[in-house]
Amino acid sequence: LWLMRHGRLGPEALPEIRKTVKQAMQQRPEWFELQALLAEIELAGNNNALALQYYDKAEELGRPAPLAVAQHIRLLVSYGRFADAGKLIDRIPEPMRQTLLGPLYSEILFQTHQVESALKQALAATEADPKSAQNQYWYAQLLARSAQATDLKPEQRDEKMANAIKSMKRATELQPEFPDAWFALINYYALQKDLNQAQKTMRDAQLALSGDNLTIFLARSYEVLHRWFDAETMYRELYEIDPTDIGRAQQLAAFYLGPIYQRPDKREKATPLINQILKAGADKKLAANDNNLLWARRMAAKLLSMTNEYQNLVKAEKLLASNSQDGNLLIEDKLAMAEILAPRPEPQSRLKAINLLEEVDKVQPLNEQASLELGELYYATGDWQKYTSQMEKTIGRYKNSVEARQAYVRHLLAKGDSRSLDKAVDLINKLHELAPNNSTTFELTVRLAAKTGKQDQVRADLVKRIPKMPEGKDIDAAQVQQFVAYAGLLIELGDLDTAEKIYRDLAARKPELNFELAKFLGEHRDPEACFAKLKEIYTPAAVQNVVSVALAVARERREKTGDKYDAQIQQWLDAGLRENPDSIPLLITQGDLYDLEKKYDDAAGVYHKLLTRNDLTGLRRAVVLNNLSFLLALSGTTTAGDDPLKLVQEAENIMGPNSDILDTLAVVLTAQGKYKQAIQALDLAVTDTPTASKYYHKAVAHYKADEMRNAVEAWEKAEGLGLNRDSLNRMEFDQYDDMKSKIDQLRKRSVTQAEPARKAG
């Protein structure tokens, strides 16, 4: 290795050196020095992930030399494992830490929440070598970052920023050709909203810098000053000097994908640059762990996921997974993967996101956004205990977080039990301290009042807050949304009269909002008034909107109205289909109406007709496939061309294995006698939007698999969600009656068997 470092041996010698050391390890597996030596060999071969494994093993077996510990720490930091790196600091004698680690020493202290110690250490480094521009630079950076802490008082923040500016100025004086220092200084002034000083610093830097240093400096400075046109010009100039330079391609692509460039062609401009980097990686022109390549895969994966198409999500996962080094993803990639998976509706995606965020949280504290995301994932998957624990942890870590408290209150209000409402009161009181004028704080106050019977106390205040509605038709989409939000709060407070007035005033200004008015009337007033309004505004061109509102209200108020309005909806549908017999939206609505009327054969006929259409694609096709598969599985009357399993699998391929698709899949598998597979699907299905019918299907699958205790447990959860005959498809009624009888017998037998045991006790 020494000969290699001094150029007397080439990398071709590595395999023989590695072989020799591994032979020695077989003789002395307890020698930590051999593990550390093998780590150094892998580092020389650019196998960082494997090197880290050997360093970890060496640390378990003994106490490697300070040089080896320092290298181990650097690797840990490169993988984002700051907490583990911090634990090793004590293995290096204190006088040697700054020498061996340099600015990394302060960074580790900072990342492990020893902020003042980090600043003290960085200051000591500047005092020990007052002519080092790099030391001044790192000290200023730590000061500026520490100034962003949310628990600082304004005067403390100002003092830290003033010291950061002073130290960064010193860095530019010591090394005028230091573009990063000049850029940081401009950024500090921008943070302080001192644009005059930012512009002056930019002019001073232009006198000191030259060549590519000047071009990249100007590009970054224009970007931070929100001068996107000038920034793009500089980044493009730098790229076009050498379009084959991957680093320049990455800089330009990152600019296009950043927050400053907001033109609609941002993806169009960034994509070829990202593809250029990916191609260089595929052609082996870049190392597997090249930072530009890792970044390009990360960004390409995010762009793919933004399409919200399931197959693109699969591609995004695979692309980002290729960033792994010996099976391990970097912290940044784990966070990116979680960001991609968390919003997806598939339970499996959410569970993967949870695992990734939990892995990161063990290594380093999650930032506020990721911490909130983990909480939301716990809530979405039905783990209330973990959700509350995570939110308490987040609020404890980010003591002044308004967003965390608002998110927590929303779910506490949704839960609605007395303990949750008491907690919501405490959180809202704190929100009134932190953000008294925040509209969301007021909204949550209103919702809490609605839950605790104090509507009258906040209603008057709410009405006072409602602005005067613009005259005539001069009202934009944002204002409409604002008034609809006010109407929603009034509905929660039980003030339907004022809410109705808002909807009527909106409809008078924007005729298309008559549909919102009709829906309000149907859901909160009298369905008769809703249908009267729909008849009033009906036109052949508006038939789709009319039947959509009518069907939604008929479904929502079914218990009260029964089939009273079905004939009217059918009449509108017939008229629409006479005008446009091939309308996919109208045909899908027709199928939905048949389903509501429990005319399942007619619904299946509509779905069959739709599936012959080449223009039925995407999510619409998936919905039709899923619905038909469900009906066929229940009816048991399938033909060779109507395999319900193939239908639901095609739907899953389009939409992904979301909760409803998994429920249908389970019904199909149960009908085919594949009970274990059905249970696996339902275990995932009930983690997201659990319903009485899903737990009913789970109880059936467990019963048929001879898992009686699990069947009873699933049935009782279904009952807790309101299980009855009307929760199910009509074709399930006979099965429901039979299952109810069997479950009752199982529960009775369980009680009978427990009785002798109680007497004996």
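Me: In the largest pocket, how many lining residues are nonpolar, polar and charged?
Reply: Let's sort out the words before counting. A pocket is an open set of points on a 1 Å grid over the protein atoms alone, with protein on both sides within 12 Å along at least five of seven lines, and lining residues have an atom within 4 Å of a point. Ala, Val, Leu, Ile, Met, Phe, Trp, Tyr, Cys and Pro count as nonpolar, Asp, Glu, Lys and Arg as charged, and the others, Gly among them, as polar. By class, the lining of the largest pocket comes out as nine nonpolar, ten polar and eleven charged residues.

Me: OK, and what kind of model is this?
Reply: Residues are numbered from 1 along each chain as its sequence is written, and side-chain values use heavy atoms, with hydrogens and water left out. Local features need pLDDT of at least 70, side-chain atom pairs count only at pLDDT 80 or more, and totals for chains, interfaces and linings use all residues, as this model is predicted.

Me: Which residues lie closest to the centre of the largest pocket?
Reply: The largest pocket has a volume of about 1,100 Å³, where volume is the space filled by probe spheres set on the grid points, joined across faces, edges and corners. Out of 30 lining residues, the closest to the centre are R555, D595, S727, L728 and N729.

Me: Which helix gives the most to the lining of the largest pocket?
Reply: Helices here are DSSP runs of H or I with at least four residues, numbered from the N terminus. Those giving two or more residues to this lining include α35 (584-596) and α36 (600-611). With five residues, the one that gives the most is α37.

Me: Which elements give two or more residues to the lining of the second largest pocket?
Reply: That pocket holds about 900 Å³ of space. It has 24 lining residues, with F110, H113, V115, A149 and Y398 nearest its centre. The elements giving two or more are α8, α9 and α10.

Me: Which helix gives the most to the lining of the largest cavity?
Reply: A cavity is a set of grid points where a 1.4 Å probe fits but cannot get out. The largest one has a volume of about 50 Å³, and its lining includes Q98, S106, A125, N135 and W138. Helices α8 (103-111), α9 (115-128) and α10 (133-146) each supply at least two residues. With four, the most comes from α10.

Me: How far apart are the end C-alpha atoms of α10?
Reply: The expected span of a helix is 1.5 Å times one less than its number of residues. For the 14 residues of α10 that should give 20 Å, which agrees with its end C-alpha atoms being apart by 20 Å.

Me: Why does Q568 count as buried?
Reply: Q568 sits in helix α34 (residues 566-579). Contact means heavy atoms within 4.5 Å, and beyond its neighbours within four places in sequence, Q568 touches F531 and K535. Q568 counts as buried because its relative accessibility is 15%.

Notes: Buried means under 20% relative accessible area, exposed over 50%, partly exposed in between (1.4 Å probe, protein chains only).
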